[in-house]
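Subject: Handing over the two-chain model

Dear colleague,

I am passing on to you the structure that follows, together with some notes to read beside it.

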Amino acid sequence: MNRHPGLQGILIGVACAVGLVMAGWADADAAGRRGGGGMSRSSPASGGGMSSRAAPQRSAQPSTRQAAPTQRPSTQTSRPTTGTERSPQQQGSTADRQGDRQENQGERQGNRDEAREDWQEHADDAREDRQDYYDDWDDHYYYHDDDWAEAMVVGVTVAAVAVAVDDYDDNETTEITNVTNVTNVTNVTALASLPCEARITVVNGQNFYQCGSSWYTRAYQGDAVVYVPSGPPPSK
Amino acid sequence: MIHERKHRLVRPAAVLAVLTIAVAVGPVRAAEPTSVPEASAQDSAGRTLLLGMAEFMARAPAMSVTMRSSYDAIQADGQRIEFGERRRILMQRPDKLRVDVERSDGERGTVVFDGRWITAFKPAENVYARVEKPGTLDQALVYMVRDLRATLPLARMFTTGFPVDLDKRATSVTLVEECSLFDVPTDHVAVRSAEVDLQIWIARGPEPLPRRVVITYKNAPGEPQFRADLTHWSVTAKLDAASFAFVPPAGAEQVMYLAPRPPADVPAGSTGEQR
């Protein structure tokens, strides 16, 4: 019946191959067309900034700053010693006492100068830090990933605020507007992805993700959506 | 025998060639001091073009542009990988901005500043976050890039402080050549600063806008580059107000906006001076 069994086999093979390729494309699309190469997108060049400091290089400076306080107590303890030394010398010449005073004044002046220099150095460093922070504001890479360990919340959700207000006086959440901005200095630990296949509960339009006894909500960090630990949804 | 003969012939020829080069290079080196004024004139012309572009951009009441950019990500093993992004940027002074971005992996996002609120939106997740930051576009750009860590390449270029800033940072400026490969003739200007090497191709004519920017991060390991082609420029008096109004799509969830803690010496929430 079939005059070209070989050709039929080839056609079936091609159809299967096309099907597999299509399935692969669908999977790739479902994954947001991300590659599987595990390549890092992180780069000092990613932000296209016009400033770029190589790396923070002030690690040695705190030890210099700390030198001043440790020097000061030793200076203070030297004063009583000088005082006790003076009493047996009270019968000595005025010139000697003046010499001592001048020496002590000189020592104190030297210590004050040193302390002033240390403080000046510290102030200069701080000013330099602030100036760098302002001048190099587009240095996207300088204060990089590690800083996210100490993130702070600068904008919160309507739902979260709405829940708080609802607790007070049963107002409709839709009536709440423009009350969403806070600066919360609490540290937040953000996760790039959830640690499990989470169960999602939606309350007041906000998604809560449950992994065992832990709950998470979504947040915006940099250019990405991340997950932050939260309590259970308000109704729980 | 033949090879030996060739060697004998080559050696005097090589010596002659070296001598010829030495003689040729000698006068050039000797003449270097006299060529300095010419180089200075080139530098001066380059700086004039550069600052002319910056002044034009700083004075523009509104601008829109498409930025097709790429950058090198140096991997742990030293391999150089290029990633790409495309942005449509709309900005209107004093206080409006909209940036729509698509990354090379298909991820999309939008950032809108309406003069009071900064809103970031991710359509794939249908999630948005807002932070209140009333102020100028300059202040919003600084806040977005520095404090929120939003990726807005060449953000400095869109501030009014760009001319002063560029003039301060540029330790040398050289006019490389006139380039004819863009839609309009451009001047290729090379800029060096302590931190980056910058190349800009500036359109000739009444609208001296950048057509291409290449930044080399020479202090970073592997010296990665950022490259951007800037097309579809429009410098108008005013853009459509609706572009700067963010209306959350149906079912969009508003989430927290996180920012890294600033350095210890900088007060939280400080916008700092605009330069």
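Throughout this email, a residue is called buried when its relative accessible area is under 20%, exposed when that value is over 50%, and partly exposed in between, as found with a 1.4 Å probe and with protein chains only. Helices (DSSP runs of H or I, at least four residues) and strands (runs of E, at least two) are numbered from the N terminus.

This is a predicted model, in which local features need a pLDDT of at least 70 and side-chain atom pairs count only at pLDDT 80 or more, while totals for chains, interfaces and linings use all residues. Residues are numbered from 1 along each chain as its sequence is written, chains are lettered from A and ligands numbered from 1 in the order in which they are written, and side-chain values use heavy atoms, with hydrogens and water left out.

Confidence

The model scores ipTM 0.78 and pTM 0.67. Where pLDDT is low, the predicted coordinates should not be read in detail.

Chain B

Chain B has three helices and twelve strands, and 49% of its 275 residues count as buried. Its accessible surface (Shrake-Rupley method, 1.4 Å probe, with only the protein chains shown counting as cover for residues) comes to about 13100 Å², of which 58% belongs to carbon and sulfur atoms. Among contacts in chain B between residues at least 6 apart in sequence, 50% join residues at least 24 apart.

Helix 2 of chain B is mostly covered, with ten of its eleven residues buried; among them are Leu137(B), Asp138(B), Tyr143(B), Met144(B), Arg146(B) and Asp147(B). Just after this helix, Arg149(B) takes a positive phi of about 60°.

A nonpolar core is a set of buried Ala, Val, Leu, Ile, Met, Phe, Trp, Tyr and Cys residues joined through side-chain atoms within 4.5 Å. The largest one has 68 residues, of which Met144(B), Leu154(B) and Phe158(B) touch the most other members. Its largest share, seven residues, comes from helix 2 (residues 137-147) of chain B. A second, separate core of seven residues includes Val188(A), Ala219(A), Met256(B) and Leu258(B).

Leaving aside neighbours within four places in sequence, Leu154(B) is in contact with residues of both chains, including Gly47(A), Gly48(A), Met50(A), Met67(B) and Phe226(B).

Gln92(B) belongs to strand 2 (residues 80-92) of chain B and is buried, because its relative accessible area is 10%. A polar atom of the Gln92(B) side chain lies 2.7 Å from the backbone nitrogen of Leu239(B). Not counting residues up to four places away in sequence, Gln92(B) touches Leu137(B), Lys238(B) and Phe244(B), among others.

Chain A

The structure holds one disulfide (a pair of cysteine sulfur atoms within 2.5 Å) over all chains. Cys196(A) and Cys211(A) form this disulfide, with their sulfur atoms 1.9 Å apart, and at -95° about the S-S bond the link is left-handed. The pair links distant parts of the chain, 15 residues apart, with Cys196(A) in the loop between strand 2 (184-188) and strand 3 (199-203) of chain A and Cys211(A) in strand 4 of chain A. Cys196(A) counts as partly exposed because its relative accessibility is 31%, whereas Cys211(A), at 11%, counts as buried.

Asn207(A) also lies in strand 4 (residues 206-211) of chain A and counts as buried, at 15% relative accessibility. Its side chain is joined to that of Tyr209(A) by a polar contact of 3.2 Å, a polar contact being a pair of N or O atoms within 3.5 Å; within protein, one must be able to donate a hydrogen and the other to accept it, and residues adjacent in sequence count only if both atoms are side-chain atoms. Leaving aside neighbours within four places in sequence, Asn207(A) is in contact with residues including Ile200(A), Tyr216(A) and Glu253(B).

With kind regards

Key: Contact means heavy atoms within 4.5 Å.
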